[in-house]
Structure formats: C-alpha cells, structure tokens
Amino acid sequence: MAIQGECPKCGKRVLHVNIENLVGVVDGTSKARCLSFSCIHCNTVLGVQMDQRAKPRPRARPEPPAT
Ligand SMILES: [Zn+2]
C-alpha cells in the first residue's frame, strides 16, 4: 500500500520520520518518556506519544534546588 501521508508544512510525503526521545513534563516535573515524530525534510513535528517501552524512572533523590 502506497504511503499517502504528507507533511503539513513542506508537503512532501512522509516516507520516513525522525524519532526523538522527549521527556513529558507535568507541572514542571519530568514525568514520562515520550517519542516525537518529525519530518525528515523540514523537522516539523508530526506527532508525539508516550514511549510504551520505557520504564518509569526509579525514584531518585530530589534534585537539589537550583540556585
Ligand atoms: Zn516536512
């Protein structure tokens, strides 16, 4: 089946996507690993989703307050 999806910005067909690891932030706190999918031609982000494979980070010591 031919790929029909087009990038909304540059109009090229999305045959490949750049996948990047992001961190989902809730109320300023890193909560979850996420993945973004971006056009390889113009880097427009096409979508972001939770990384289902990632395990939650182990509970670490609270980070020292930034000074
Ligand atoms: Zn594009």
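## Before the sheet

Gly11 sits in the segment before E1. This is a predicted model. Gly11 has 10 C-beta neighbours inside 10 Å, so the residue counts as exposed; the cut-off for exposed is 12 or fewer.

Gly11 and Cys42 are 31 residues apart along the chain. Their C-alpha atoms are separated by 9.9 Å.

## The sheet

Three strands form an open sheet in the order E1-E2-E3, and the pairing is antiparallel. Strand E1 (17–26) and strand E3 (45–50) are the edge strands, each pairing on one side only. On average, neighbouring strands of this sheet are turned by 30 degrees against each other, direction ignored.

Strand E2 covers residues 29–39. E1 and E2 run antiparallel, joined by 10 bridges. Within this pairing, Val23 stands opposite Arg33 in E2. Strands of a sheet pair through backbone hydrogen bonds.

## Two loop residues with positive phi

Most residues other than glycine have a negative phi. Asp27 has a positive phi, near 50 degrees. Asp27 lies in the loop between E1 and E2. Is Asp27 buried or exposed? Asp27 is exposed, because 5 other C-beta atoms lie within 10 Å.

Asn43 also has a positive phi, near 65 degrees. The loop between E2 and E3 holds Asn43. Asn43 has 12 C-beta neighbours inside 10 Å and therefore counts as exposed. The cut-off of 12 or fewer includes that count.

Methods:
Residues are numbered from 1 along each chain as its sequence is written. This is a predicted model: local features need pLDDT of at least 70, side-chain atom pairs count only at pLDDT 80 or more; totals for chains, interfaces and linings use all residues. Two strands pair if DSSP finds at least two bridges between them. Helices (H or I, at least four residues) and strands (E, at least two) are DSSP runs, numbered from the N terminus. Axes are lines fitted to C-alpha atoms, for helices over the stretch in contact, and angles run from 0 to 180 degrees between N-to-C directions. A residue is buried if 20 or more other C-beta atoms lie within 10 Å of its own, exposed if 12 or fewer, and partly exposed in between; C-beta atoms are placed from the backbone.
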